[in-house]
Amino acid sequence: MANVVVVGVDASPSARKAAEVALDLAGSLGASLHVVTAFEMENAETFGVGSDKVRISNADSSEIVAKSLGASRPGVEITHFAARGKPADSLIKEAIRLDARVIVVGNRRMRGIGRLLGSVANSVAHNAPCDVYIANTYED
């Protein structure tokens with residue numbers, strides 16, 4: 001088993017909190033961190049004018065989070081990947097591909113009606129090929 005921690009992110013504050021937990025865990029384990037964004041349909045917006053245009057896509061979340069985390073903890077190797085597909089499936093596929101030690105997910109949608117409808121954390125916990133760490137990302 002490789003010494004890799006996989007974490008799923010999107011543009012939400014909850015995902016950012018899960019990524020910070022994953023970074024701390026990777027640092028404690030002496031592991032690398034692999035940041036994954038999953039999307040079913042790519043959404044992109046272009047900002048700027050003329051030759052100064054920047055295109056931001058929901059597929060860029062993993063790269064943006066990985067770079068900002070890397071600045072806060074230079075000793076941990078951080079990679080990123082954008083996957084087309086459902087979030088839970090994408091995290092599990094990446095964990096299998098990397099022979100990951102643990103997947104970190106946030107607990108968003110694990111309360112209230114979200115518990116009944118399912119969540120990424122629930123799906124990953126039931127189908128992961130490795131340990132799963134469910135980070136408390138609520139602001140209680």
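## Ser 28 and helix H1

Ser 28 lies in helix H1, in a model that is predicted. Its relative accessibility is 64%, so Ser 28 counts as exposed, the cut-off for that class being over 50%. Along the chain, Ser 28 and Val 76 are 48 residues apart, while their C-alpha atoms are separated by 9.7 Å.

## The sheet

An open sheet is formed by five strands, in the order E5-E2-E1-E6-E7, and the pairing is parallel. The edges are taken by strand E5 (78–84) and strand E7 (131–135); each has a single partner strand, so one side of each is left without a neighbour in the sheet. From one strand to the next, the twist averages 25 degrees. In general, the strands of a sheet pair through backbone hydrogen bonds, in either a parallel or an antiparallel arrangement.

Strand E6, residues 102–106, pairs with E7 in the parallel sense over five bridges. In this pair, Ile 103 of the chain stands opposite Val 132 in E7. Helix H1 (residues 13–29) packs on the sheet and touches strand E1 (4–8), strand E2 (32–39), E5, E6 and E7. The direction of H1 makes about 175 degrees with that of E1.

## Helix H3

Helix H3 covers residues 87–98. Its twelve residues, at 1.5 Å a residue, should span 16 Å, where the expected span is 1.5 Å times one less than the number of residues. The end C-alpha atoms of H3 are 16 Å apart, which agrees with that expectation.

The buried residues in H3 are Ala 88, Ser 90, Leu 91, Ile 92, Glu 94 and Ala 95. What covers them includes strands E1, E2, E5 and E6, together with helix H5 (120–127). An α-helix has 3.6 residues a turn, so residues three or four places apart point the same way.

## Asp 99 after H3

H3 is followed by Asp 99, which is found in the loop between H3 and E6. The phi of Asp 99 is positive, at about 55 degrees, although the residue is not a glycine. Most residues other than glycine have a negative phi.

How exposed is Asp 99? With a relative accessible area of 40%, Asp 99 is partly exposed, because that class lies between the limits of under 20% for buried and over 50% for exposed.

Conventions:
Residues numbered from 1 in each chain as written. Predicted model: local features only at pLDDT ≥ 70, side-chain atom pairs only at ≥ 80, totals over all residues. Heavy atoms only, no water. Pairing = 2+ DSSP bridges. Helix = DSSP H or I, 4+ residues; strand = E, 2+ residues; numbered from the N terminus. Axes fitted to C-alpha atoms, helices over the stretch in contact; angles between N-to-C directions. Contact = heavy atoms within 4.5 Å. Buried < 20%, exposed > 50% of the residue type's maximum accessible area, 1.4 Å probe, protein only.
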